[in-house]
Amino acid sequence: MHYLNTLLFAIYPFVALTVFLVGSLIRYDRDQYTWRTGSSQLLERRQLRVGSYLFHIGVIAILLGHFVGLLTPKAVWHFLGIDASTKQLMAMGIGGFFGVICFIGLTILIKRRLTNPRVRATTSKMDLTILLMLYAQLILGLISIPVSAGHMDGAEMLKLMAWAQSIVTLDGSAAAAAIAGVNIIYKLHIFLGMTLFLVFPFSRLVHVWSVPVQYFHRNYQLVRARAVR
């Protein structure tokens, strides 16, 4: 189990994040015109508008919460007067709220993909795989809330913070040690999260990078106005 823990939570994250970064750069360099969402708005608008709005609001808040919550050093939280138990309560409340919003939105989007014949016909296997992976990841995150309620001292959360910060500082040994004793729900959530990073460059998720790489500033075609005689 020690070797498996090291493989999954100290080695695999580095592999997944490397593929995520390098793969995204290679795809942008070689296949810029596949760098898109592949919108199906023309096929159906109402469910897409509602589902996409709820999903994006929820997922952006969740990602920001994970980024701030896991990577902010413990000393900073103490300086702000927020102890581990209070921080965990905040994470459960805010994360749960936006998690439910995201869940509703994603449910609408998946139902639309599976039940609308026109949309289903334009859905690739990778599209559906990513949607279901996101769905499973979201469900695991929501399940982790009642699990967290069973230990409100914040000890598990501190271990997860130590793991994330060890990964960022490239300390695999510390990462493996930090996460060894946490609940299996958290481990499944982290493993699936790393797998999403792994498949990211090969899916339409790359459109997340569109603003940083100035996607909208490149020209696809040159259109000239027709002269009026």
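The largest cavity holds about 40 Å³ of space. This is a predicted model, in which local features need pLDDT of at least 70, side-chain atom pairs count only at pLDDT 80 or more, and totals for chains, interfaces and linings use all residues. Residues are numbered from 1 along each chain as its sequence is written, and side-chain values use heavy atoms, with hydrogens and water left out.

**Overall make-up**
- The protein has 9 helices and 0 strands; helices (H or I, at least four residues) and strands (E, at least two) are DSSP runs numbered from the N terminus.
- Of its 229 residues, 38% count as buried, where buried means under 20% relative accessible area, exposed over 50%, and partly exposed in between (1.4 Å probe, protein chains only).
- Among contacts with a separation of 6 or more, 83% join residues 24 or more positions apart; a contact means heavy atoms within 4.5 Å.

**The cavity**
- The count comes to 1 cavity of 30 Å³ or more.
- A cavity is a set of points, on a 1 Å grid over the protein atoms alone, where a 1.4 Å probe fits but cannot get out, and lining residues have an atom within 4 Å of a point.
- Grid points are joined across faces, edges and corners, and the volume is the space filled by probe spheres set on the points.
- The lining of the largest cavity includes Lys74, Trp77, His78, Met157 and Met161.
- Two or more lining residues come from each of α3 (74–79), α4 (84–115) and α7 (155–168).
- The lining divides into 6 nonpolar, 1 polar and 3 charged residues; Ala, Val, Leu, Ile, Met, Phe, Trp, Tyr, Cys and Pro count as nonpolar, Asp, Glu, Lys and Arg as charged, and the others, Gly among them, as polar.

**Helix α9**
- Helix α9 (residues 184–199) has 16 residues and reaches 23 Å from its first C-alpha to its last, close to the 22 Å expected, which is 1.5 Å times one less than its number of residues.
- Buried residues of α9 include Ile185, Tyr186, Leu192, Leu196 and Val199.
- The cover over the buried residues of α9 includes α1, α2 (46–71), α6 (125–149), α7 and α8 (172–179).
- At the start of α9, a side-chain oxygen of Asn183 comes within 2.9 Å of the backbone nitrogen of Ile185.

**Tyr3**
- Tyr3 sits in helix α1 (residues 2–30).
- Tyr3 counts as exposed because its relative accessibility is 72%.
- The C-alpha atoms of Tyr3 and Ala176 are separated by 9.5 Å, although the two residues lie 173 residues apart along the chain.

Notes:
1 Å grid on protein atoms, 1.4 Å probe; cavity = no way out; pocket = protein on both sides within 12 Å on 5 of 7 lines; lining within 4 Å. Polar contact = N/O pair within 3.5 Å; in protein donor to acceptor, adjacent residues only side chain to side chain.
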